[in-house]
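Please walk me through this model.

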Amino acid sequence: MSKQINVALIGNPNTGKTSVFNALTGLNQKVGNYPGITVDKKEGICKLPRGLKAHIIDLPGTYSLNASSLDENVVIELLLNKNDKDYPDVAVVVSDVENLKRNLLLYTQIKDLQIPTILVINMSDRMEYKGISLDILYLEEQLKTKIALISTRKNKGIEQLKELITKYKELSTEACLDTSIIDASYFNSLKKAFPNQLVYKLWLVITQDVNFGKTDRATFDKVEDFKTKSNADLKRLQQKETIKRYQFINETLKKGQTIDLKSAKDLRIKLDRILTHKVWGYVIFFFILLIMFQAVYDWASYPTDLIDAGFSNLANWVQHTLPEGAFTNLLAEGIIAGIGGIMVFIPPIAFLFLFISLLEESGYMSRVVFLMDNIMKRFGLSGKSVVPLISGNACAIPAIMAARNIESWKERLITILVTPFTTCSARLPVYVIIISLVIPEGTFLGLSFQALTLMSLYIIGFLTAVFSAYILNKILKIKSKSYFVIEMPSYKIPLFKNVLLTVLEKTKTFVFEAGKIILAISIVLWFLASYGPGEPFNNAEAIVQQKHPNLSEDQQNDLIAEQKLEHSYIGIVGKAIEPAIRPLGYDWKIGIGLVTSFAAREVFVGTLATIYSIGSANDLEDEDEAMSTIKNRMSEEVYSDGSKVFTLASGISLLLFYAFAMQCMSTLAIVKRETNSWKWPVYQLVIMSGFAYIVALIAFQVLK
Amino acid sequence: MTLAELKRGQQGIITDVSSNHIPLKLLEMGCLPGNAVELLQVAPFADPMYLNINGTHLAIRKETAVHILIEATNE
């Protein structure tokens, strides 16, 4: 068996660390989770010269070893724990040639941990453009390491890097500078109290507590003769340490790096004058949004329709080909329909992540965050909440995943909690059918009432999200260091490989993580709708034939389906909740629609189609025709006293209910995954649905 | 004067930072006494501020900038 070594990739954000990871591992990578937290763990295998194999971990981007977020904490936890199975044999610090000074700060810290460390200087293709030249030999000597000057964009230097990793044992583990000079007596007492430990490691453990509050410092206080310092003192020392490091780096670079400012060009400043302009910045952002919506709604609908049709054909085929029976039905109506329900989300999610990753890779996203921070701050959100709130208009699932880069946990949590209020595409079919049913035709200022209603629903959704963020900000008592620092990286043309891998990875995460839960719910729903207790369900055929012996077979079948549904478990549920939803203007059939909608909102229309027993309509070629048949049936639906079920009052009430209620299992599943607790999704479910109930109740009672 | 008073296009040298009010991350990005700073752009209501500190381009909120003391070097 060939020996496998552990390699950790570490670096500042925006240094192209992930490109280095992709260049080393190719498709040989997987994304998992660190146990207990939702930080992505990216690892892969790389074949090295001489039969050696490297297990490579792409650690979250960080500016230093002083963690300020969960992602960054992962880096420290690994580097401080020699017993971790992933503890690196060699650390590869990735830096960007344009920001070498800042990047070297992290490098000197890692050197102090006495881990063999290779310095990668990436983006070497930009050196000429920026007028930078480097004295590599001098730098290697000062920094006590080997340097790989590479360009992932031009695919240069990767082999040299692999060679250096192979020879990791030859690397010096000597530290670059002596940290203890910042407070000699304090560090001496540390050394005395823990003679077997590396002083810098101790120092990190002590100060992590100041920054993060996770590491247990109690052990330090127990040791006699050792007095730790107050947090303010420690922070001052950290500042001193940072200054010392920069002094060392500045001296090293004074000789090792020359920048000819005359030949340097800076596109960034010129572009930013327009892209972050007080007026043009917003106009351009608005147009980019329009294109994005067009893609997610319109372009994605073609593959979505194909997938949808493909799965319903498959289900039909299974039903007609396999022998009749419970298993065939479960396969066709439960499992295949369930998987289809997941697959139809793939195109919009893929498109959305394609756009988001293009915006991020190019560096434009930081500018949007800059433009929006002031507005969002007033509502307890961060500039970085913009992305999720926009994406939520397509689908809340990728939107909630996009909230990850918000540093402040409170701002991130609020963003996750309010995002589902934005009008996702699954609400659209429900809105369309109900609006066409209850909103009269006619125009106001040239706009039809129906279009105006639809637009109002979008606006209501967005305003509710922002307004509830404001309330949550007031009531949530979460201590979370809130500050806003965002780097404005230079603009770059996105690397196709990186974009593609991001889209693949995010889509895969959705399909497997949320998919499991959607599938399970679909199967349960199928059982509840296909089985029922006692005579009225099990003898539906006989009962209907006895009651209506003169009807045609088709009509009888419709009645049988209706009889079965009414007495299935889910029908019983619908009947049971009817007293609760009557004040909102709904009958038990709408109740069933509401219940099944909890798997996903768009199920409502399908459920109503079944409930209003138009099974034969499924055979209609034209979808519009099928829709209008549901619509006709719905508009004819009456209560036993002859009054209509769907009126303006009950319609508006239903629209508002769908606007506010949390009716999406997949969103709940993702919120659980992202917050790592059932508490928040349960709150969302109860509060959003409760709010929806109250609003719908008021609307119906006022309008009826 | 504080960094928050800097005008667009104006440059300065950082003289002092109040480490209790400034996230360590900002210090590590180069916001330290002695380093040069230039205000490149401001969002509406002059917040956040888009700066070039020691070669790093970054944006911070005004509430953070008031804790950074500077000396302006040009008009």
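Two strands pair if DSSP finds at least two bridges between them. Helices (H or I, at least four residues) and strands (E, at least two) are DSSP runs, numbered from the N terminus. This is a predicted model: local features need pLDDT of at least 70, side-chain atom pairs count only at pLDDT 80 or more, and totals for chains, interfaces and linings use all residues. Residues are numbered from 1 along each chain as its sequence is written, and chains are lettered from A and ligands numbered from 1 in the order in which they are written.

Q: What is the bridge partner of Val37(B) in E3(B)?
A: E2(B) and E3(B) pair in the antiparallel sense, over five bridges. In E3(B), the partner of Val37(B) is Ile53(B).

Q: Which residue takes a positive phi in the hairpin of E2(B) and E3(B)?
A: This hairpin has six residues between the strands. The loop between strand E2 (36–42) and E3 of chain B also holds Pro48(B), which a cis peptide bond with omega of about -5° joins to Asp47(B). The positive phi, near 65°, belongs to Phe45(B).

Q: What is the bridge partner of Leu51(B) in E4(B)?
A: Strand E3 (residues 49–53) of chain B pairs with E4(B) over five bridges, in the antiparallel sense. The partner of Leu51(B) in E4(B) is Leu58(B).

Q: Which residue stands opposite Leu58(B) in E4(B)?
A: Strand E4 (residues 56–60) of chain B is joined to E12(A) by three bridges, and these strands run antiparallel. Opposite Leu58(B) stands Glu487(A).

Q: Which strands stand at the edges of the sheet, each with a single partner strand?
A: Six strands form an open antiparallel sheet in the order E12(A)-E4(B)-E3(B)-E2(B)-E1(B)-E5(B). The twist averages 40° from one strand to the next; axes are lines fitted to C-alpha atoms, for helices over the stretch in contact, and angles run from 0 to 180 degrees between N-to-C directions. Each edge strand has a single partner, so one side of each is left without a neighbour in the sheet. The edge strands are E12 of chain A and strand E5 (68–72) of chain B.

Q: Which element gives the most to the side of chain A that touches chain B?
A: The contact takes 32 residues from chain A and 28 residues from chain B (two residues are in contact if their C-beta atoms, placed from the backbone, lie within 7 Å). Helix H3 (100–112), helix H10 (231–256), helix H11 (267–275), helix H16 (364–377) and strand E12 (485–487) of chain A each supply at least two residues of that side. With eight residues, the element that gives the most is H10(A).

Q: How many nonpolar, polar and charged residues does the side of chain A that touches chain B have?
A: Ala, Val, Leu, Ile, Met, Phe, Trp, Tyr, Cys and Pro count as nonpolar, Asp, Glu, Lys and Arg as charged, and the others, Gly among them, as polar. By these classes, the side of chain A that touches chain B has 13 nonpolar, ten polar and nine charged residues.

Q: At what angle to E12(A) does H16(A) run?
A: H16(A) lies across E12 of chain A together with E3 and E4 of chain B. Its angle to E12(A) is about 150°.

Q: How are H13(A) and H14(A) oriented to each other?
A: The axes of helix H13 (residues 301–321) and helix H14 (residues 326–343) of chain A come within 9 Å and cross at roughly 170°. Angles under 35 degrees count as roughly parallel, over 145 as roughly antiparallel, 65 to 115 as roughly perpendicular and the rest as oblique. H13(A) and H14(A) are therefore roughly antiparallel.

Q: How is H26(A) oriented to H27(A)?
A: Helix H26 (residues 569–581) and helix H27 (residues 588–597) of chain A pack with their axes 8 Å apart, at an angle of about 110°. That makes H26(A) and H27(A) roughly perpendicular.

Q: What ipTM does the model score?
A: The mean pLDDT of chain B is 89, and 99% of its residues reach 70 or more (pLDDT is the predictor's confidence in each residue, from 0 to 100). The model scores pTM 0.77 and ipTM 0.94.
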